[in-house]
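Dear colleague,

Please find below the structure that I am handing over to you. A written account of the findings comes after it.

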Amino acid sequence: MRRISLGTALIFAGLLAFIVAAIGADVFASNDPLRQSLLLRLRPPGTATATAYFPLGTDDLGRDLLARILYGARASLMVAALSVSVSLLVGVTLGLMAGWFGGWVSIVAMRAVDTMLSIPAILLAVLTVAVLGPGFFNLVLVLGLTRWPRYTRVAYAQTLQVAALPYVRAAEMAGCGPGRILLRHVLPNIAGPLMVVATSEFGLMILFEASLSFLGLGIQPPYPSWGSIMSAGRQYVVRAWWLTAFPGACLFGVVLCVNLFGDWLRDRVDPRSQGR
Amino acid sequence: MPELKSRLLQALIAIFGVLTIVFFIMRLSGDPTLLLVPDGATAEQIAALRHVLGFDRPLLVQYGAYLLDLARLDLGQSLVQHAPVAGIVAERIPYTMALAGGALLVALGVGLPAGLAMAVWRGTWLERALAGFVLAGQSLPTFWSGLLMILFFGVYLGWLPTSGSDDLASLVMPSVALGAITMSSFARMTRIAVLDELSRDYVAAGRARGLSYGAVILRHVLRNAAIPVVTIAALEVGNLLAGAVIVETVFAWPGIGQLAIQSIASRDFLVVQTIVLFVSMVYISMNLLADLAYGVIDPRIRRDR
């Protein structure tokens, strides 16, 4: 076991904190994130009343900011995890098939990849969500079904390489069908690079969810998302800095940790890329 | 030139693919008429409009008509603003171009020197500090950095206007916010390109001839390292146009990004469609241009092909 440096430990701690906060949002939040109190609007961090304490202050409707940030972490984690799963499934299936069968399958798949990558992702998501209507389900669907091309590219290139190896030829001669070869013999060998792509996509999905919610196209009020909290806080940026500062800092921190984790993972998977 | 032909064909396929995807997305909701009518239209008005716009025809006929219209550069009429969509979008394009240009300037101006310094002073504290800076730029949500800048430079210090498009000063903060991510990719690319070049024999040869390290870098390394960086620059223009959607909303900058969001709110979907098509076309052309420029700048690639 290689020794883990302090920096790496910090990255893991950051990611762990994010996941624990998201899963245990209802345990850590002492107040209901949806409960409004018009008497307690825009209170600064550290406000205490006879019945409640607001460590990070309250928003424009008097809701507890800490509770909303915790539940926002949950929304963020769920959207990112689900949409990455959907796009991973679609992208890897296409890439494996394109790499194995070649011919017109690979031509169609790779041209589809080029086309999808020609429409800037955020605009594609904005257009699709606008047509379908915002909301959690549509958000996952749109992000999942528009972000598969990068997996397809990597899975395709890797499958081409692995398919030429002797052990795959041996499995083929032993009578394995394409499904078994691809899932049992090829996929485990190309999982490393795919995980590196999935990590960077995970960070992007967190950013996309926040961006779309900021634009009013993601998680809908009254449910909290880091993006929508900041969108509401934008009007009060002078009077209530905490509404933009805290959710933004969480978003920045989580994306930073995910990106650093991605770099660390890439160095482990592909030692040649060390320090690049 | 068979290479040029195949690249052009690829670009054409991508353009066709984008048009097709956008066509089907617009019909995902079932009835595109509902996307185009103003709020509060009656059932008869909707039915009449559906007929006028041809949405009661078979899907394939609609698709053919859509491609024909686009081939004639007819982007349709906005039913909300009662004006040609092309004009509405074209009016805003210069603003987004100015913003993207400013962001590119920031990204190149900071990213290239940072990447070069990271490669030349490899393994020093300077590299580590710059690496942290680059990483931060890459992870910063533009709407957050934008709001923080508004708060600090706009409200607290009062140096820069917080929104609007009155003068050049109001372009500064949006450009920095938008350019941060691109700056990071430039710095990373430049660092890798310069490191690749530094390990080549001509660097040692130059030093052996008595050239100083700085002179070798300025005269030879930079010229060679520029090749991959130029390619990235072309690709980043597309990303900047897309990122403008968010930055323009934060700073109330009247470009196509803000127009797209406003048009969604006012249910003017033909305008949104046009903006998506426009940005995608720019993206595909820049891609093509980058590939072709690669061959022109780097004679080795021309010969290899």
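**Basis of the model**

This is a predicted model, in which local features need pLDDT of at least 70 and side-chain atom pairs count only at pLDDT 80 or more, whereas totals for chains, interfaces and linings use all residues. Residues are numbered from 1 along each chain as its sequence is written, chains are lettered from A and ligands numbered from 1 in the order in which they are written, and side-chain values use heavy atoms, with hydrogens and water left out.

**Chain A**

Chain A has eleven helices and two strands; helices (H or I, at least four residues) and strands (E, at least two) are DSSP runs, numbered from the N terminus. Their order along the sequence is α-α-β-β-α-α-α-α-α-α-α-α-α. Along the principal axes, the C-alpha atoms of chain A occupy a box of roughly 75 × 50 × 30 Å.

Of its 276 residues, 53% count as buried. Here buried means under 20% relative accessible area, exposed means over 50%, and partly exposed is in between, with a 1.4 Å probe and protein chains only. The accessible surface of chain A is about 12300 Å², and 67% of this belongs to carbon and sulfur atoms; the areas come from the Shrake-Rupley method with a 1.4 Å probe, and for residues only the protein chains shown count as cover. Among contacts (heavy atoms within 4.5 Å) in chain A with a separation of 6 or more, 71% are between residues 24 or more positions apart.

The size of an interface is often given as the accessible area lost when the parts come together. Chain A and chain B bury about 3900 Å² between them, with 80% of it on carbon and sulfur atoms; this buried area is the accessible area (1.4 Å probe) that two parts lose on being put together, summed over both. Chain A contributes 42 residues to the contact and chain B 44 residues.

Five residue pairs are in polar contact between the two chains, both residues being at pLDDT 80 or more. A polar contact is a pair of N or O atoms within 3.5 Å; within protein, one must be able to donate a hydrogen and the other to accept it, and residues adjacent in sequence count only if both atoms are side-chain atoms.

On the side of chain A that touches chain B, at least two residues each come from α4 (103–118), α5 (121–132), α9 (178–214), α10 (226–233) and α11 (242–269) of chain A. The most come from α11(A), with eleven residues. By type, this side of chain A has 28 nonpolar, nine polar and five charged residues. In this scheme Ala, Val, Leu, Ile, Met, Phe, Trp, Tyr, Cys and Pro are nonpolar, Asp, Glu, Lys and Arg are charged, and the others, Gly among them, are polar.

**Salt bridges**

Side chains of opposite charge can pair when their charged atoms come close. A salt bridge is a side-chain nitrogen of Lys or Arg within 4 Å of a carboxyl oxygen of Asp or Glu. The structure holds 13 salt bridges over all chains.

- R150(A) and E201(A) form a salt bridge through their side chains (2.9 Å, N to O). The pair links distant parts of the chain, R150(A) in helix α7 (residues 149–163) and E201(A) in helix α9 of chain A, 51 residues apart. R150(A) is partly exposed at 32% relative accessibility, whereas E201(A) is buried at 0%.
- One salt bridge is found across the interface of chain A and chain B; its partners are D263(A) and R188(B) (3.1 Å, N to O).
- R191(B) forms a salt bridge with E127(B), with the closest N and O atoms 3.1 Å apart. R191(B) lies in helix α8 of chain B and E127(B) in helix α6 (residues 125–139) of chain B, 64 residues apart. R191(B) is buried at 6% relative accessibility, and E127(B) is buried at 13%.
- D59(A), R63(A) and R68(A) are linked in a network of salt bridges.

**Two further arginines of chain B**

R27(B) lies in the loop between α1 and α2 (33–36) of chain B and is buried at 16% relative accessibility. The side chains of R27(B) and Q62(B) are joined by a polar contact of 2.9 Å.

R7(B) lies in helix α1 (residues 2–26) of chain B and is buried at 10% relative accessibility. Leaving out residues up to four places away in sequence, R7(B) touches N287(B), L288(B) and D291(B).

With kind regards
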